[in-house]
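Open the model in your viewer and keep the selection panel at hand.

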Amino acid sequence: MTEARPTPDHDPQPQYRLQRVERRYERGGVAVLAVHDLDLEIDAGDFLSIQGPSGSGKTTLLQLLGALDSPTSGSIFFEGQELGQVSDHVLTGIRAERVGFVFQQFNLLPTLTAVENVAIAMVPLKVKSEERRKRAVELLGQVGLAARTEHLPSRLSGGEQQRVAIARALANHPRVIMADEPTGNLDSQNATEIMALLGRLQCDTSVTVVVATHDPEVARHSQRQIVMRDGTVVSDART
Ligand SMILES: Nc1ncnc2c1ncn2[C@@H]1O[C@H](COP(=O)(O)OP(=O)(O)OP(=O)(O)O)[C@@H](O)[C@H]1O
Ligand SMILES: [Mg+2]
């Protein structure tokens with residue numbers, strides 16, 4: 001009898017596979033296990049939220065997934081590569097080209113307009129100036145800001161600033177968006193709109209979206225809800 005094989009157009013490998021991941025910090029001679037005993041698989045195109053109280057390890061996990069940090073033990077496979085086994089050069093490439101980051105504080109450059117804030121993200125990939133601007137304008141259109149391209153961040157609302165940050169995160173065609181408390185500085189209506197936008201982008205572009213939040217109302221918008229406590233996953237549900 002022949003073994004069943006996956007069809008060629010179906011990729012059976014998850015985008016992420018985390019095995020026994022631990023991230024330990026030393027603080028004043030005391031070890032803090034920010035993340036431990038963490039096993040997780042994430043498929044390409046998942047829209048995932050990570051909930052949990054303050055200090056439960058959400059940001060640490062996002063940083064590990066985004067190759068900004070490395071586990072102190074265990075392994076993280078991303079698109080078939082073990083992050084702990086590749087060179088710094090490869091990690092830099094992964095961060096620049098395959099992952100987009102969105103933060104609670106938006107982190108826009110205050111002296112640059114919306115379109116410049118998005119365009120500047122393409123500089124490291126050596127995209128030509130006119131091309132950068134063209135793509136930045138398109139991305140701002142995608143996030144509903146076609147009429148705000150020349151505004152400075154100080155002239156935009158919090159929700160609008162976060163849309164610019166999302167457009168910037170998409171600039172280099174990432175495979176994953178990591179959003180750490182993206183609605184933490186927004187009122188509930190803007191929070192709902194930002195989550196709806198992330199859901200629409202995930203649907204339209206198949207980018208994987210991972211959102212860390214302490215807010216169950218925000219997490220409700222995702223398709224898969226993970227809850228962390230004390231550095232590890234305690235529940236994982238699909239809606
Ligand atoms: N650089 C660091 N040095 C020492 N301890 C750290 C460091 N970063 C995080 N920790 C500790 O690791 C644990 C997890 O922190 P983390 O920031 O991942 O939690 P979080 O779930 O994102 O919390 P919050 O909801 O407040 O953002 C906490 O106990 C934190 O104090
Ligand atoms: Mg955090």
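This is a predicted model. Start with the shell around ligand 1: by class, four residues are nonpolar, six are polar and two are charged.

**Stop 1: the shell.** Select Tyr25, Arg27, Val32, Ala34, Pro53, Ser54, Gly55, Ser56, Gly57, Lys58, Thr59 and Thr60. These are the residues around ligand 1. Now colour by secondary structure. β1 (16-27), β2 (30-42) and α1 (58-65) each give the shell at least two residues. The largest share, three residues, belongs to α1.

**Stop 2: the polar contacts.** Show the oxygen atoms of ligand 1. Pick Lys58: one of its polar side-chain atoms is 2.7 Å from a ligand 1 oxygen. Move to Gly55. Here a polar backbone atom lies 2.8 Å from an oxygen of ligand 1. Then take Ser56, where a backbone N or O atom is 3.2 Å from a ligand 1 oxygen. Ligand 1 taken alone exposes 630 Å², and the protein buries 66% of that.

**Stop 3: the rings.** Leave the ligand and look at aromatic side chains. A ring pair is described by the distance of the centres and the angle of the planes. The count here is two aromatic pairs. Select Phe101 and Phe103, which form a stacked pair, with 6.2 Å centre to centre and 10 degrees between the planes.

Which of the classes buried, partly exposed or exposed does Phe101 fall into? Phe101 counts as buried because its relative accessibility is 18%, under the 20% limit. Phe103 has a relative accessible area of 31%, so Phe103 is partly exposed.

Note on methods:
Residues are numbered from 1 along each chain as its sequence is written. Chains are lettered from A and ligands numbered from 1 in the order in which they are written. This is a predicted model: local features need pLDDT of at least 70, side-chain atom pairs count only at pLDDT 80 or more; totals for chains, interfaces and linings use all residues. Side-chain values use heavy atoms; hydrogens and water are left out. A residue is near a molecule or strand if one of its heavy atoms lies within 4 Å of it. A polar contact is a pair of N or O atoms within 3.5 Å; within protein, one must be able to donate a hydrogen and the other to accept it, and residues adjacent in sequence count only if both atoms are side-chain atoms. Accessible areas come from the Shrake-Rupley method with a 1.4 Å probe; for residues, only the protein chains shown count as cover. Helices (H or I, at least four residues) and strands (E, at least two) are DSSP runs, numbered from the N terminus. Ala, Val, Leu, Ile, Met, Phe, Trp, Tyr, Cys and Pro count as nonpolar, Asp, Glu, Lys and Arg as charged, and the others, Gly among them, as polar. Rings of Phe, Tyr and Trp (its six-membered ring) pair if their centres lie within 6.5 Å; planes under 30 degrees apart count as stacked, over 60 as edge-to-face and the rest as tilted. Buried means under 20% relative accessible area, exposed over 50%, partly exposed in between (1.4 Å probe, protein chains only).
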